[in-house]
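The sequence and coordinates come first.

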Amino acid sequence: ITYGSCVTLLPFVRDVVASYLNHPSSDVRREAASTFCLLLLPKQTATSSLARKGRSPSYRNSLVGLQPKVSSSGLILQMRLGGPSGALVEEVLQKLLTAVVSDLSPLVRNCIVRALDARYDPYLVQAHHLPPLFMLLQDESLAVRAAALRLLGRLAILNP
């Protein structure tokens, strides 16, 4: 993901932000997870507002491989997840999924599950990402189980 013309945040997220997922403080881990999810994939509203205003064509062009093309009925028509950016997103997302099933704090786990919104669906429906999500259905926290069930219900539309 390129912001501006020459700065890519994926290596920063992978190398710096991910290191805080192992911090002793649950508050730091929760904030790292939130930052992780905000920086890993841009929000669609930010993309569409930039497109409407005609700003930053290099930013819009960098999103081509990460955003699925959706039909009017909501079905994904085409998705390109490959390439160096897609591989980095996969690597970083794997770290996040490891943290969501292994973190001791239910607040951190819930924060991570709730932050995995529809932007992540094209990645989360991949078969290798589903087992950690199913493990969340057996979490000790009711809030985490409920958030995981909502997430899996949303993914079931894409991958029954």
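A residue counts as buried when its relative accessible area is under 20%, as exposed when that area is over 50%, and as partly exposed in between. The model is a predicted one.

**Cysteines.** By this cut-off C111 is buried, because its relative accessible area is 17%. C37 is buried as well, with a relative accessible area of 1%. The structure holds zero disulfides. A disulfide requires two cysteine sulfur atoms within 2.5 Å, and the cysteine sulfur closest to that of C37 belongs to C111, 7.2 Å away, which is too far for a bond.

**Helix α6.** C111 is one of the buried residues of α6, which also include V108, R109, N110, I112, V113 and A115. The helix spans residues 106-115, and since seven of its ten residues are buried, it is largely enclosed by the rest of the structure. At its N-terminal end, α6 is capped by S105, which places a side-chain oxygen 3.3 Å from the backbone nitrogen of L107.

**Nonpolar core.** The largest nonpolar core has 37 residues, and the members that touch the most others are L93, L96, L116, L124 and L133. Elements giving two or more residues to this core include α6, α2 (26-40) and α9 (142-158). The greatest contribution comes from α5, with eight residues.

**Salt bridges.** Eight salt bridges are found in the whole structure.

| Pair | N to O distance |
|---|---|
| R14 and E91 | 3.9 Å |
| D117 and R119 | 2.9 Å |
| R154 and D121 | 2.9 Å |

The bridge between R154 and D121 links helix α9 to helix α7, across 33 residues of the chain. In the pair of R14 and E91, the residues lie 77 apart in the chain, R14 in helix α1 and E91 in helix α5. Both are partly exposed, R14 with a relative accessible area of 22% and E91 with 36%. R119, the partner of D117, is buried, with 9% relative accessibility.

**Surface patch.** F12, V16 and Y20 make a nonpolar surface patch of about 260 Å². Of these, F12 is found in helix α1 (residues 10-15), and F12 counts as partly exposed at 38% relative accessibility.

Methods. Residues are numbered from 1 along each chain as its sequence is written. This is a predicted model: local features need pLDDT of at least 70, side-chain atom pairs count only at pLDDT 80 or more; totals for chains, interfaces and linings use all residues. Side-chain values use heavy atoms; hydrogens and water are left out. Buried means under 20% relative accessible area, exposed over 50%, partly exposed in between (1.4 Å probe, protein chains only). Patches are made of residues with over 30% relative accessible area and no salt bridge: like charges are joined within 9 Å, nonpolar side chains (Val, Leu, Ile, Met, Phe, Trp, Tyr) within 5 Å. Accessible areas come from the Shrake-Rupley method with a 1.4 Å probe; for residues, only the protein chains shown count as cover. A salt bridge is a side-chain nitrogen of Lys or Arg within 4 Å of a carboxyl oxygen of Asp or Glu. Helices (H or I, at least four residues) and strands (E, at least two) are DSSP runs, numbered from the N terminus. A polar contact is a pair of N or O atoms within 3.5 Å; within protein, one must be able to donate a hydrogen and the other to accept it, and residues adjacent in sequence count only if both atoms are side-chain atoms. A nonpolar core is a set of buried Ala, Val, Leu, Ile, Met, Phe, Trp, Tyr and Cys residues joined through side-chain atoms within 4.5 Å.
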